[in-house]
Every structure is written in C-alpha cells, then in structure tokens.
Amino acid sequence: MWFVPDALGIVCASATWVLTLSQGALLLSAWLLPAQRPAYSAVHGSLFHLLASLALASHARTMFTDPGALPVGAPPAPGLAARCPLCGAVQTPGAHHCGVCQRCIRRAHHHCPWVNNCVGEDNRKFFVLFTLYTALGALHVLLLLSAPALRAYARGEWDLQTPVRLRPSLLFLFVVALNGFLFAGLMFTIQIRSILTDPQSQPGEPGQASAWTNLKAVLGPRPSPAWISPFASAGPRAASGPQAVV
C-alpha cells in the first residue's frame, strides 16, 4: 500500500473529506429538509451525494495509489544511465524527484497536499476525476442555493424563506461550495490542458503525441464508462518495481 507520511498532507487530505461530508450534511439539514418537498429533496440530495461519493472515491484512489515511483537501485537500462542524486533511481524521460515523497515519479505533474501524494503517471486519472466531481458537486450546491435565494430576495421574502437559525449554516455552505468550485474547477482545467498539450511522446509512439493519444494514455485505451469511474484503472503502465510504502 502506498502512503506518504507527510503531516501537512495528512491534514489537508483529512480537511478535504471533512469539508465534502459537511457539505452533504448541511445541504440536507439547512436546505433540502426545511424545504418540505420530498421529491425535490430526494432528487437533489441523491445527486449531490452521488457526486460527493465519486469525488471521495477518486480522492482515495489518488492518495493511496503509487503515482509511478521509479525503483531505487534498479540496474540502468540502455540509454538511461543517469541516476537521481537524491534517491538513486534511474531516471526516465519526464520523471522528477519529489522532495515530499522522496522518490522520483514517472511523468510527474506536481505534489498535491490536498491528496497527500504526487500526481504522476499511475494516479493522474484519479486526480482528474477528483477535481471533476468536486467541481460538479460544488456547482450543484451553488445553483441550489443561489437561484431560489436570489428570487426570494428580489421578492422581499428572504426572512420568510430562510429562518434566522439557518442563515449561518447556509452562508458557510455557500462559502465552502464556492471555494471548492473555484479551486477544483481551476485544477481540472489545468490538468486537462496539460494532458492535451503534453509534448512528450507516449511509449512506443515516436514523434509528438496527439492530444487524443495523450488523453487515452491518462484515462484508458478506448472511450468507455471506465473513463469516468474512479474504480477502474486506466490500464497497464510501465513497471515501477515492487509497491512501496513511502
């Protein structure tokens, strides 16, 4: 099992779960249940919790999946004689050493404290899905809160629509959802742009890889529902040696 024992990362990753779960609890207690509309509450409550569950599953897969750590002490392959001076791994093109993980990661993009792991070749799909489902869940909350609240405020019915005791909870929910949407949406956009414009060739494919080839390399060899499932891996990867606990 892969796990990075970084104190800051553990705090940030735990905070991600707490904020996501608190969104669901506040959405039910402060918005959906007080509406006293069973069908409305059931539909929107189910939709948000589906998105939140997919986001948290993607988060867990990102955090506990080896991102593509190069084996330490492996014999160099032909043409790959350079060793990392920090961990001793034989570096491949696109690999970078992470000071937090203390390992060289294949096709590393960055180390993200919010998932307490590097985003590399073997877990990038899960990170993309984490940002996607987090952004969609937060957007769902924002739309639920904004549209009716703005209509009620325009009609001068704010006091009737929102009891005083619920206003702090709704304000907190709105702020958390807004920050989640902006952060996750920005990260998702950065990830997709980086994937589509990656100039490095894929293994066995000489020349610059196309955007479509890059996308399939991250999500899977062919379009399917597995592309959007955090429970399906993207496919076989280059060998990185035995699974390591960092």
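I began with a charge over a ring (NZ of Lys or CZ of Arg within 6 Å of the ring centre and within 35 degrees of the ring normal). R37 sits over the face of Y40, 4.2 Å from the ring centre.

The model is predicted: local features need pLDDT of at least 70, side-chain atom pairs pLDDT 80 or more, while totals for chains, interfaces and linings use all residues. Numbering runs from 1 along each chain as its sequence is written, and side-chain values use heavy atoms, without hydrogens and water.

Next I looked up aromatic pairs (Phe, Tyr or six-membered Trp ring centres within 6.5 Å; planes under 30 degrees apart are stacked, over 60 edge-to-face, the rest tilted). I found four. F3 and F64 are stacked, at 6.1 Å centre to centre and 25° between planes. They are 61 residues apart, F3 in the segment before α1 (7–32) and F64 in helix α2 (residues 38–64). Helices are DSSP runs of H or I, at least four residues, numbered from the N terminus.

F127 and F130 are tilted because their planes meet at 50°, with centres 6.3 Å apart. Both lie in helix α3 (residues 124–154), three residues apart.

Then I searched for disulfides (cysteine sulfur atoms within 2.5 Å). I found zero in the whole structure. The sulfur of C12 is 8.2 Å from its closest cysteine sulfur, in C112, so the gap is too far for a bond. C87 is in no disulfide either, with the sulfur of C104 nearest at 3.5 Å. C87 is buried at 14% relative accessible area.

Key:
Buried < 20%, exposed > 50% of the residue type's maximum accessible area, 1.4 Å probe, protein only. Helix = DSSP H or I, 4+ residues; strand = E, 2+ residues; numbered from the N terminus.
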